[in-house]
Amino acid sequence: MSKEVLWTQEVIDEFIRLGNLSELELKVLKTRVINHWKIPYQAYKFSVSQSTIDRTIYNLKIKYDACQKRSAILPERDKKSAKL
């Protein structure tokens, strides 16, 4: 997801405002987009499995697509880009 959208601070704030994100989703989003952490490192730091991080990213994509339809700020996600 970090390569599918041009993440600016405005885009991040708008997605957080509209997305109703869980605590883990918020951590994954911020560490992935801002700090460029990889999935194994996120799993290690948050004490969850890599598949949990994968599921969280999948859920973030679904939420982003739903929020993007309601927002004038959020750009459309490039669904053709390479996986994460």
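Which residues in helix 1 meet which residues in helix 4? On the helix 1 side they are Val-11, Phe-15, Leu-18 and Gly-19, and on the helix 4 side Leu-60, Lys-63, Tyr-64, Cys-67 and Arg-70, where contact means heavy atoms within 4.5 Å. By class, six of the residues in this contact are nonpolar, one is polar and two are charged (Ala, Val, Leu, Ile, Met, Phe, Trp, Tyr, Cys and Pro count as nonpolar, Asp, Glu, Lys and Arg as charged, and the others, Gly among them, as polar).

A word on the ground rules. The model is predicted, so local features need pLDDT of at least 70 and side-chain atom pairs count only at pLDDT 80 or more, while totals for chains, interfaces and linings use all residues. Residues are numbered from 1 along each chain as its sequence is written, and side-chain values use heavy atoms, with hydrogens and water left out.

Next come the charged pairs. The structure holds six salt bridges, each a side-chain nitrogen of Lys or Arg within 4 Å of a carboxyl oxygen of Asp or Glu. One of them joins Glu-4 to Lys-61 at 3.4 Å, N to O, linking the segment before helix 1 with helix 4 across 57 residues. Both Glu-4 and Lys-61 are buried (buried means under 20% relative accessible area, exposed over 50%, partly exposed in between, with a 1.4 Å probe and protein chains only). Another bridge, at 2.7 Å, pairs Glu-25 with Lys-63; Glu-25 sits in helix 2 and Lys-63 in helix 4, so this bridge ties together parts 38 residues apart in sequence. Glu-25 is buried at 7%, whereas Lys-63 is partly exposed at 24%. Bridges with shared partners also join Glu-4, Lys-61, Asp-65 and Arg-77 into one network.

Glu-14 in helix 1 has its own bridge, to Arg-17 at 3.1 Å. Being three residues apart in helix 1, Glu-14 and Arg-17 are separated by about one helical turn. Glu-14 is buried at 10%, but Arg-17 is exposed at 58%. Leaving aside neighbours within four places in sequence, Glu-14 is in contact with Ser-71, Ile-73 and Leu-74.

Finally, the loops. Most residues other than glycine have a negative phi. His-36, in the loop between helix 2 and helix 3, has a positive phi of about 60° and is exposed at 58%. Ser-47, in the loop between helix 3 and helix 4, also has a positive phi of about 60°, and its relative accessible area of 66% makes it exposed.

Methods. Helix = DSSP H or I, 4+ residues; strand = E, 2+ residues; numbered from the N terminus.
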